[in-house]
Amino acid sequence: MATKQLHNGDTIPVLGLGTYRVKTEDVLKPVVHQAIQNGYRLIDSATVYRNEEVLGRILKEVFDDPSFGVQRQDMFITSKLSPQNQGYDACYKAVTESLERFGLEYFDLYLIHWPGTAKKKLSDPINQENRMGSYRALETLHREGKVRHIGISNYTARHLQHLLDHCEIVPHVHQFELHPRLVQQDILDLCDKHHIQVQAYSSLGEGKLLTDEDVLDIVKDRNVAQVLLRWAVQHGWIVIPKSSNPDRVSSNAKVLSLELSDEDMKKLDAVHQAETQRFCWDPSDII
Ligand SMILES: NC(=O)c1ccc[n+]([C@@H]2O[C@H](COP(=O)([O-])OP(=O)(O)OC[C@H]3O[C@@H](n4cnc5c(N)ncnc54)[C@H](OP(=O)(O)O)[C@@H]3O)[C@@H](O)[C@H]2O)c1
């Protein structure tokens, strides 16, 4: 599996398996098996996905089965803090519980899922105070070895700048919505400046970009999902496509052997200039 280097010198796989809305064992198990057999070494979960326990069970079986040839240390396992558990104490406890659900000693990456706190008004200053508290808890957990890398998700450039002004450990990863219909250049520039690895989510626009006329005009007779994923990888970003279909999981892994021409890259770069589209949640109004 191709990797990228994080700012502390460690490596992270370029391709991971997204698991949003996949939570039952009958669907997850074949998908995780197929992913691992096709070289995926990163799994992206979150407390709000309600699949940490089942994923932990499936992964333990994989580690115990010599036919996979994969051990815990070969995998890069990510989970995320629920917006219900923001603040130092709640975050510390939530990560510990997340580890227990997974049956793990440590996470490779733990992200603050969302800059806001559940059930608080977007304009409530507690949002900023709480997410800073959560980040400090992640810094503690990192020093204790329970979370090898720490990061954030869905932070705007403003949220990220505030964090950078106050944190002790620069986030290793920022995961946010990023595809040819949504290129948030201010966030990309800030990540670049501080060597924060970008992880793109909803690379396929939750599936909706696969029928986008402008994208199809560029892709022509190639595999649309592979081209969309390759566009991100060729920019240096990590991708975590989700599929509940094992054949698509292996097809998406072919992104690593593709190459897009400069012309294709430029055309895909320009798609968002005609019309921007966001498929997931928008954090812009959170103070
Ligand atoms: N941090 C955050 O707030 C956040 C938000 C959203 C997502 N994420 C993470 O990012 C992951 C990916 O994002 P996403 O789930 O929003 O959507 P996505 O990966 O952009 O798209 C997933 C959709 O595309 C379909 N699909 C996947 N591969 C395909 C292929 N080769 N051909 C045709 N259809 C294909 C899937 O359908 P089938 O399942 O039927 O194949 C599914 O409906 C999530 O699972 C999650 O881990 C994080």
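Student: How do the axes of helix H2 (residues 52-64) and helix H3 (residues 88-102) cross, and within what distance do they come?

Tutor: The axes of H2 and H3 cross at roughly 45° and come within 7 Å. Axes are lines fitted to C-alpha atoms, for helices over the stretch in contact, and angles run from 0 to 180 degrees between N-to-C directions. This is a predicted model: local features need pLDDT of at least 70, side-chain atom pairs count only at pLDDT 80 or more, and totals for chains, interfaces and linings use all residues. Residues are numbered from 1 along each chain as its sequence is written.

Student: Why is H2 called oblique to H3?

Tutor: Angles under 35 degrees count as roughly parallel, over 145 as roughly antiparallel, 65 to 115 as roughly perpendicular and the rest as oblique. The crossing is roughly 45°, and that makes H2 oblique to H3.

Student: What makes the contact between H2 and H3?

Tutor: Glu-52, Glu-53, Leu-55 and Gly-56 of H2 meet Ser-98, Arg-101 and Phe-102 of H3. Two residues are in contact if their C-beta atoms, placed from the backbone, lie within 7 Å. The residues of this contact divide into 2 nonpolar, 2 polar and 3 charged. Here Ala, Val, Leu, Ile, Met, Phe, Trp, Tyr, Cys and Pro count as nonpolar, Asp, Glu, Lys and Arg as charged, and the others, Gly among them, as polar.

Student: Why are H5 and H6 described as roughly parallel?

Tutor: Helix H5 (residues 157-166) and helix H6 (residues 185-193) pack at about 25°, with their axes 9 Å apart. H5 and H6 are therefore roughly parallel to each other. Their contact is made by Ala-157, Leu-160 and Gln-161 of H5 with Asp-186, Ile-187 and Leu-190 of H6.

Student: What makes E3 and E10 edge strands?

Tutor: The open sheet has 8 strands in the order E3-E4-E5-E6-E7-E8-E9-E10, with parallel pairing. Strand E3 (16-18) and strand E10 (238-239) each pair on one side only. Two strands pair if DSSP finds at least two bridges between them. Strand E8 (residues 173-177) and strand E9 (residues 197-201), for instance, pair over 5 bridges.

Student: How many helices and strands are there in the protein?

Tutor: The protein has 10 helices and 10 strands. Helices (H or I, at least four residues) and strands (E, at least two) are DSSP runs, numbered from the N terminus.

Student: Why is the protein called as compact as a globular protein of that length?

Tutor: The radius of gyration is taken over C-alpha atoms, and the globule rule is 2.2 Å times the number of residues to the power 0.38. The protein's value is 18 Å, close to the 19 Å that the rule gives for 287 residues, so the protein is as compact as a globular protein of that length.
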